[in-house]
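Hello,

Here is the structure I said I would pass on. Please open it first; my notes on what was found follow below.

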Amino acid sequence: MSVMVKESPISETDMIAEAEKALADISRIRDGVGRVIFGQENVVERTLVALLAGGHALLVGVPGLAKTKLVETLGVVLGLDSRRVQFTPDLMPSDILGSEVMEQDEAGKRSFRFISGPIFAQLLMADEINRASPRTQSALLQAMQEYHVTIAGARYDLPAPFHVLATQNPLEQEGTYPLPEAQLDRFLMQVDILYPEIEAERRILLETTGIEDAKAQNVLQPARLKEIQTLIRRMPVPESVVEAILTLVRSARPGQGNAETDKHIAWGPGPRASQALMLCTRARALYEGRLAPSVDDVRALAEPVLQHRMALTFAARAEGTSVRDVVAKLVKGI
């Protein structure tokens, strides 16, 4: 049994034809990113899955691991109108959203005119997002969920597609602010970036210290990206995958009968986590050349989708338990 999203009917033949076309495009995207970003295949996969699913991603890692380079490369490869905001402690919400200014015409009549901020882009790079105050971080809340902003009571729609890729330093470093829980929940995935393997680092040394660096090239247009995102929402989902998602997400909430969760988790993921898993499993399946997701996709994406939507109890933190440890144990139950 399969569960289908409520979209216009599409025949199996047409679905296969569209999927094969999308696979060719995704292959070109992967090759385009691979020209610039060495190693980090898992990071590239998860970030692209988030974009293909139509969502936002939070890239977490220490400085120097090519987080910013990855976002810049994706913007070029996907042909998106990209803007970058460097988050700092003195950054104000109006620096992101824009503001109204008073103008006077030749007749002396005064009126307000809205000057849009950098958020009016198809790909917003929020660099070191946790270096700004929660007040400024929260300026993105409405945009990330509703794809428009409200300034002085007026609504301004954002370009489509619209994605936020934010980079973040580990919270234990000085001069950083933890992101509000409501904003974390709006990120489809948290992608942890680790140090590269030795062969990847060797290639980095050889190919990035010469006279010319490899440069990203555009291989896709925004309209085509939207078509692929629509195709992903039309992909069938087996009942086993739906049940695995429900079982996993509900078991991550305290008070649902899971002893591991009750012992270590203060609060768990809401329904948005289930929605994120549903979209991301479809996107990952297509990314790997399959027409429907499997339970293995749920297992593979459990950590990046759930870890930023859960909080440890004080006792768990004192014991040295991490959210990843809890999620790993929960995955074994599906």
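**What was found**

H12 supplies six residues to the lining of the second largest pocket, which is the largest share. The model is a predicted one, in which local features need pLDDT of at least 70 and side-chain atom pairs count only at pLDDT 80 or more, while totals for chains, interfaces and linings use all residues. Residues are numbered from 1 along each chain as its sequence is written, and side-chain values use heavy atoms, without hydrogens and water.

**The second largest pocket**

This pocket holds about 580 Å³ of space (a volume is the space filled by probe spheres set on grid points joined across faces, edges and corners). A pocket here is an open set of points on a 1 Å grid over the protein atoms alone, with protein on both sides within 12 Å along at least five of seven lines; a cavity is a set where a 1.4 Å probe fits but cannot get out, and lining residues have an atom within 4 Å of a point.

The lining of the second largest pocket has 28 residues, and Ala53, Gly54, Tyr147, Arg233 and Leu279 are the ones that lie nearest its centre. At least two lining residues come from each of helix H6 (141-146), helix H9 (222-234) and helix H12 (271-287). Helices (H or I, at least four residues) and strands (E, at least two) are DSSP runs numbered from the N terminus. Domain 1 (11-88 + 119-234) and domain 2 (236-333) each give at least three residues to this lining, with bounds from an automatic or database domain assignment.

Sorted by class, the lining of the second largest pocket has 14 nonpolar, seven polar and seven charged residues (Ala, Val, Leu, Ile, Met, Phe, Trp, Tyr, Cys and Pro count as nonpolar, Asp, Glu, Lys and Arg as charged, the others, Gly among them, as polar).

**The cavity**

The count of cavities of 30 Å³ or more comes to one. The largest cavity has a volume of about 40 Å³. Its lining is made by Ile37, Gln40, Val43, Leu65, Ala66, Lys67, Leu70 and Ile193; by class, six of these are nonpolar, one is polar and one is charged.

**Strands**

Five strands form an open sheet with parallel pairing, in the order E3-E6-E9-E2-E10. Two strands pair if DSSP finds at least two bridges between them. E3 and strand E6 (residues 123-127) run parallel and are joined by five bridges; Val85 stands opposite Ala126 in E6.

Strand E7 (residues 148-151) and strand E8 (residues 154-157) run antiparallel, with four bridges between them. Thr150 has Arg155 in E8 as its bridge partner. Two residues separate E7 and E8 in a hairpin, and Ala152 in the turn has a positive phi of about 50°.

**Backbone points to check**

Most residues other than glycine have a negative phi, and most peptide bonds are trans. Glu128 is not a glycine, yet has a positive phi of about 50°. Glu128 sits in the loop between E6 and helix H5 (134-137). The peptide bond from Ala160 to Pro161 is cis, with omega near -5°, and Pro161 lies in the loop between E8 and strand E9 (163-168).

Regards
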